[in-house]
Amino acid sequence: MKKEIVLTGITTTGTPHLGNYVGAIRPAIEASRNEHVTSFYFLADYHALIKCHDPETVRRSSLEIAATWLALGLDTSNAVFYRQSDVPEIMELTWILNCVTAKGLMNRAHAYKAAVAENEEGGEKDPDKGIMMGLFSYPVLMAADILMFNADKVPVGKDQIQHIEMARDIAGRFNHLFGEHFILPKAVIDDNTATLLGLDGRKMSKSYNNTIPLFAPEKKLKKLINKIKTNSLEPGEPKDPDGCTLFSTFQAFAAASEVSEMRQRYADGIAWGEMKKHLFEYINDHITPARERYEALLESPEHIEQELLDGAEKARAISRPFLKEIRKATGIQPIGS
Ligand code: TRP
């Protein structure tokens, strides 16, 4: 039986934070150990150029993301772990898909619409001011990422569901015109994975500038946890764990029995200072072994590079023949064959 294919990409514009870990990296690494599934995980570095024109950020982020996934124990013998830019067939497929994608479909993409809305609200005469083609056609690149490997399932955040729907539309259009070549992918949203809150109590997100880097050095981690916002209840006063950032963060790491114990300590009026200390120690213990591997990996980038090149080789063993098939379906093929 054909193994199910699960694929997801990580845009290389930032440093992995605790929210990324709990919401995406941890479940993906667990899934990579499932032998009934083939997982494709890749550094979406061409996606990075859509929103970031600082080469140093893109370079550093690629290094940190790759080191993070490897340090956390991604099983690269079972999963295919590669850098998008090492698989040029994806770019070729992007063009082919561009030629069967309705512009009207892209007009409805929410990232593009949000950029237009911002211009309109700012009183701009030209609603497209400052909007690049990369942003506009980004769902086509994403469709190529997914369709290149005929992924069945694509685990993503809610903000990405629309893009998976578009990939399905584009695949359907291609199949209609040129024959059944692509599998229509499905988005998978795991409601059980935790969404971490940031320092200010809003969702932890790079765009809110409220993140805790996953592998922040111990001292920094402590400092940041101490900065997490709480209310002003005094030690001894009963506290409500629900809606408390410290508690929900603890919950994302601790076992169920420890969580219910902590609930009791809230009712008993645990002091915020004590809770912060406990949370720091808990997370730090959890993360220290991986942080050590991470730091060692950053010292030997050639090892990371080799992993990525090996991954790209595995990916291209699929993408090369498949792209040939796709090209042929459209009439792009050697003369006389
Ligand atoms: N656009 C996705 C994000 O911002 C990242 C991504 C790029 C991706 N290509 C993909 C996710 C393909 C899933 C499948 O989160």
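Helix α3 passes helix α13 in a right-handed crossing (the near helix is turned clockwise from the far one by less than a right angle). This is a predicted model, in which local features need pLDDT of at least 70, side-chain atom pairs count only at pLDDT 80 or more, and totals for chains, interfaces and linings use all residues. Residues are numbered from 1 along each chain as its sequence is written, and side-chain values use heavy atoms, without hydrogens and water.

**Helix packing**
- α3 (residues 55-71) packs against α13 (residues 272-299) at about 135 degrees, and their axes are 9 Å apart.

**Ligand contacts**
- Around the ligand are 14 residues, of which G9, H47, Y138, D145 and Q160 come nearest (near means a heavy atom within 4 Å).
- A ligand nitrogen lies 3.0 Å from a side-chain N or O atom of Y138.
- For the side chain of Q160, the distance from a ligand nitrogen to an N or O atom is 3.3 Å.
- β1 (4-11), β2 (37-44) and α8 (138-147) are the elements that each give two or more residues to the shell (helices are DSSP runs of H or I, at least four residues; strands are runs of E, at least two).

Technical notes:
Polar contact = N/O pair within 3.5 Å; in protein donor to acceptor, adjacent residues only side chain to side chain. Axes fitted to C-alpha atoms, helices over the stretch in contact; angles between N-to-C directions.
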